[in-house]
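Please read them alongside the sequence and coordinates shown here.

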Amino acid sequence: MIKLIWLVPLLPLIGFLIIGLFGKKLSKSLVGIIGSGVVLGAFGVSLGIFLQLAEGAEQSTTIDLFNWISAGKLSIPFSFLVDPLSSLFLLIITGIGFLIHLYSTGYMHDDEGFSRFFAYLNLFIFFMLLLVLGSNYLIMFVGWEGVGLCSYLLIGFWFKNTAYNNAAKKAFIMNRIGDLGFLLGIVLIYVTFGSISYHDVFEQAKSLATGTPVLTAITLLLFVGAMGKSAQLPLYTWLPDAMAGPTPVSALIHAATMVTAGIYMIARSNILYTLSPDTMAVVAVIGVCTALFAATIGLAQNDIKKVLAYSTVSQLGYMFLALGVGAYTGAVFHVMTHAFFKALLFLGAGSVIHAMSGEQDIRKMGGLKKYIPITHFTFLIGTLAISGFPGFSGFFSKDEILAHAYEHNKVLWLVGVLTAGMTTFYMFRLYFLTFKNTFRGTHEQEHHLHESPKSMTIPLVVLAILSLVGGLVGIPEVLGGHHFLEEFLAPVFDDSHFRLVHHLSHETEYILMGVAISVMALAIYFAYKTYVTDKKLPAAEGDELQPVHKLVYRKYMIDELYEAVITKPLNFIGEGLHKVVDNQIVDGLVNSCGYVVNGVSGVIRKAQTGNIGFYVFVMVISIVLILFTQLF
Amino acid sequence: MSAIQTIPINWYLLLSVVLFTIGVLGVLFRRNAIIIFMSVELMLNAVNLLLVAFSSYLSDSKGQVFVFFIMAVAAAEVAVGLAILMSVYRNSKSTDINDLSRLKG
């Protein structure tokens with residue numbers, strides 16, 4: 001099965017080519033079948049590979065496909081690395097990807113860009129698989145840029161709307177800033193180690209001392225790339241705006257898969273990070289700050305997708321916190337569970353928006369429970385999972401991260417727990433405002449309320465089941481479970497683990513769990529009291545808000561801050577350069593070339609009098625002169 | 001001793017220099033295109049004369065071969081040149097070269 005790995009990215013690429021080239025001529029149902037079918041095929045192969053690895057096949061196989069770049073000493077083969085980490089990501093990408101393709105056949109059914117949408121989605125899956133499968137940093141970089149491109153295309157999918165286009169551009173440019181860091185990191189890796197293949201780099205890195213400055217530089221540069229792609233402070237503002245794209249895109253790209261590329265990259269380079277404790281500290285601090293910061297913004301948003309977007313930023317911060325404290329397995333575990341429940345929540349939100357005829361403001365919803373029961377039930381499961389309700393998937397992964405954070409630094413843990421509480425609060429606020437009490441929308445909307453078609457509810461149900469049981473692969477020992485995931489991923493993180501052993505007593509772990517659960521219960525209680533018992537509503541548009549509330553509602557004015565500090569000065573400098581350098585110097589140079597030619601020829605042309613006698617005279621004189629110089 | 005050699009070479013030289021100079025001056029100072037043409041022919045023939053004379057004096061026939069070439073080329077040149085003159089005349093009703101200054105820069 002592992003030999004068939006090339007099929008995994010190839011299938012979506014074929015799907016993209018067929019749909020992209022002939023999509024207009026194919027019927028919608030055929031486009032849907034091809035688009036989803038190729039991803040399902042890729043999922044089948046991935047599943048086979050995963051099972052083979054889980055049964056104890058060769059733990060790390062490099063499959064050389066062809067020689068890609070070879071120039072001088074630099075030789076980069078186009079090869080794939082199959083190991084537990086990449087196979088797990090393959091499963092997440094193709095599995096969730098397939099469900100979202102299926103969902104899209106229903107959600108996008110009436111859109112005129114139906115085939116274009118599926119072409120982009122297939123292309124995205126292809127690049128994401130390339131990113132995860134590559135056996136060196138360059139292939140990862142190709143995938144990295146490719147998913148950025150698809151993200152741009154899909155955010156601006158409805159390109160007739162200027163605001164959506166601006167959101168797409170914003171995402172692209174912000175990612176580009178991060179990509180520059182990533183690229184510099186790769187160059188530095190090549191300069192330092194003379195190779196960019198994972199195997200060579202990690203082997204050589206092992207012999208370096210902890211805290212070697214060049215390693216710190218490399219890891220920091222790579223982390224800048226991760227900041228852009230995974231929406232961390234200060235490069236996170238593109239992600240909430242990315243919600244301009246169709247909802248399945250938000251679910252697939254901006255919640256479940258692409259934004260976890262940064263996590264994958266750091267988990268892949270774990271040995272480099274383990275050897276640079278300074279970078280680890282930076283990662284942990286940025287992660288926890290992002291988690292807290294985004295969670296506070298999430299508390300005050302009224303757009304159903306915006307709340308989920310900030311929640312995604314916040315959860316990504318959690319994952320970076322896990323990476324920063326060396327809990328690589330915890331981070332990957334959370335990537336997986338988060339992919340389940342965040343995809344579920346986004347698709348549920350899509351189903352709600354579908355039912356509400358495009359309305360996204362939760363102040364105008366309410367009481368949807370009885371109209372769309374399947375969506376309601378699955379959404380509730382997603383909410384419980386993200387809140388870390390005991391037994392749900394989010395509980396186990398969050399618990400693992402918090403336990404590691406506690407052992408590493410108590411402040412990180414405290415902020416983490418606080419964030420978890422806020423997450424629970426805003427998620428239940430969203431849930432209560434949307435599904436409880438009475439309907440607050442217009443009559444027309446109420447009349448249209450309907451449950452979504454089967455193609456949309458089936459993915460919801462599957463994802464709900466996954467959110468429910470997904471955590472069972474990583475039950476901590478303290479609860480008498482068997483951490484399957486840790487065992488599975490052990491070969492990848494082996495070299496890092498013996499440097500970062502952790503031991504918490506069982507009592508401490510119980511206490512930590514107890515604290516997390518009680519904070520969650522408290523948050524649910526407050527949300528229930530505020531939004532169900534007291535039936536409070538978020539302030540309507542235009543109402544005067546408390547200063548702090550207003551600040552949070554306006555997202556801490558970060559966009560305005562960037563506008564004032566970065567965009568405006570850059571525009572000003574650009575304007576200046578345009579006026580002085582471009583108009584005066586560059587244009588001046590070009591124009592003066594023209595002036596010189598004009599002027600000189602203006603003088604010389606006087607010699608051409610048109611008088612033939614004069615020409616002949618000059619000719620004769622010249623011949624005589626030439627003869628004289630030759631003869632004498 | 002051929003008839004040519006009855007006259008000393010210096011006389012031939014002198015004659016062709018005079019003819020050539022008349023040709024040059026004619027080209028330089030006359031304004032009628034036809035006369036300029038004739039002056040050009042005069043120059044060519046001055047050279048031909050010299051070539052024939054030297055050919056005979058040095059007993060080398062190469063010079064006469066040259067003369068034939070020059071005559072052939074001159075004939076072709078006259079044909080083309082007169083054709084141009086014809087069309088110039090049709091355009092400007094004159095063969096004065098000073099009228100032909102419409103393309104001056």
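Domain bounds, as used in this note, come from an automatic or database domain assignment. The model under discussion is a predicted one.

1. Domains of chain A. The assignment divides chain A into domain 1 (1-135), domain 2 (136-553) and domain 3 (559-599 + 607-631). Taken over C-alpha atoms, the centres of domain 2 of chain A and domain 3 of chain A are separated by 58 Å.

2. The nonpolar core. The largest nonpolar core has 205 residues, of which A:Leu321 and A:Ala343 touch the most other members. Because domain 1 (1-135) and domain 2 (136-553) of chain A both give residues to this core, it lies between them. In soluble globular proteins, nonpolar side chains tend to be buried together.

3. Surroundings of A:Ala343. Leaving aside residues up to four places away in sequence, A:Ala343 touches A:Ile96, A:Ile100, A:Ala251, A:Ala255, A:Ala256 and A:Leu463.

4. A hairpin in chain A. Strand β1 (residues 61-71) of chain A runs antiparallel to strand β2 (residues 74-82) of chain A, and 9 bridges join the two. β1(A) and β2(A) form a hairpin with 2 residues between them. In the turn, A:Gly72 has a positive phi of about 60°. Within the pairing, A:Phe66 stands opposite A:Phe78 in β2(A). How many of the 11 residues of β1(A) are buried? The count is 0, and strand β1 of chain A is hardly covered.

5. Fold and extent of chain B. Chain B holds 3 helices and 0 strands, and its pattern along the sequence reads α-α-α. The radius of gyration of chain B is 17 Å, well over the 13 Å that the globule rule gives for 105 residues, so chain B is more spread out than a compact globule. The C-alpha trace of chain B spans about 55 × 25 × 25 Å along its principal axes.

6. Burial and contacts within chain B. Of the 105 residues of chain B, 10% count as buried. Among the contacts in chain B with a separation of 6 or more, 48% are accounted for by residues 24 or more positions apart.

7. The contact between the chains. Chain A contributes 10 residues to the contact and chain B contributes 11 residues. On the side of chain B that touches chain A, the residues divide into 6 nonpolar, 3 polar and 2 charged.

Key
Residues are numbered from 1 along each chain as its sequence is written. Chains are lettered from A and ligands numbered from 1 in the order in which they are written. This is a predicted model: local features need pLDDT of at least 70, side-chain atom pairs count only at pLDDT 80 or more; totals for chains, interfaces and linings use all residues. A residue is buried if 20 or more other C-beta atoms lie within 10 Å of its own, exposed if 12 or fewer, and partly exposed in between; C-beta atoms are placed from the backbone. Helices (H or I, at least four residues) and strands (E, at least two) are DSSP runs, numbered from the N terminus. Two strands pair if DSSP finds at least two bridges between them. Two residues are in contact if their C-beta atoms, placed from the backbone, lie within 7 Å. Ala, Val, Leu, Ile, Met, Phe, Trp, Tyr, Cys and Pro count as nonpolar, Asp, Glu, Lys and Arg as charged, and the others, Gly among them, as polar. A nonpolar core is a set of buried Ala, Val, Leu, Ile, Met, Phe, Trp, Tyr and Cys residues joined through C-beta atoms within 7 Å. The radius of gyration is taken over C-alpha atoms; the globule rule is 2.2 Å times the number of residues to the power 0.38.
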